Amino acid sequence: MSVSITVVNPRGEIKAKPLQPPAARLDDLNGKKIGLYSNGKPGMDNLYAVLEKMLKAKCPDISVINMTGAFLIRDDDARTLAKEVDGFVYGVGD
């Protein structure tokens, strides 16, 4: 009588998601609407206030909207945001 043992990896396997190319870059920010998305952690408002000031100094015709949401932006939120802005900055504080 023989005994067989099957060894398995307790960590399992993580299937890689298909690669997705990054979105095309905006050629120019003048006249564009840019969303600044954060998770609302302390300090992000200060960072985005300075970033908005810098963007407007470089591109006076730019408009900026601030958005706050979850740490990981949900797909439905990203789709909604994409309809409202030409580009956005995603930053989280911790």
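## Salt bridges

The side chains of Arg74 and Asp77 come together in a salt bridge, with 3.3 Å from N to O; the term asks for a side-chain nitrogen of Lys or Arg within 4 Å of a carboxyl oxygen of Asp or Glu. Arg74 is partly exposed, with 46% relative accessibility, and Asp77 is partly exposed too, at 27%. (Buried is under 20% relative accessible area, exposed is over 50%, and partly exposed lies in between, using a 1.4 Å probe and protein chains only.)

By this rule there are 2 salt bridges. Glu52 and Lys56 form one of them, their closest N and O atoms being 3.0 Å apart. Both residues sit in helix H1, 4 residues apart, or about one turn of the helix. Glu52 counts as buried at 19% relative accessibility, while Lys56 at 37% is partly exposed.

## What the model is

This is a predicted model, where local features need pLDDT of at least 70 and side-chain atom pairs count only at pLDDT 80 or more, while totals for chains, interfaces and linings use all residues. Numbering runs from 1 along each chain as its sequence is written, and side-chain values use heavy atoms, with hydrogens and water left out.

## The sheet

Three strands form an open sheet in the order S2-S1-S3, with parallel pairing; strands pair if DSSP finds at least two bridges between them. From one strand to the next, the twist averages 20°.

S1 and S2 pair over 6 bridges in the parallel sense. Lys33 has Ser63 in S2 as its bridge partner, and Tyr37 stands opposite Met67 in S2.

## Helix and core

H1 packs on the sheet and touches S1, S2 and S3, its direction making about 165° with that of S1. Contact means heavy atoms within 4.5 Å, and angles run from 0 to 180 degrees between N-to-C directions, with axes fitted to C-alpha atoms, for helices over the stretch in contact.

The largest nonpolar core has 8 residues: Ile34, Leu36, Met44, Tyr48, Leu55, Cys59, Ile62 and Val64. Such a core is a set of buried Ala, Val, Leu, Ile, Met, Phe, Trp, Tyr and Cys residues joined through side-chain atoms within 4.5 Å. S1 (33-38) and H1 (44-58) are the elements giving two or more residues to this core. Beyond four places in sequence, Tyr48 touches residues including Leu36, Asn66 and Val89.
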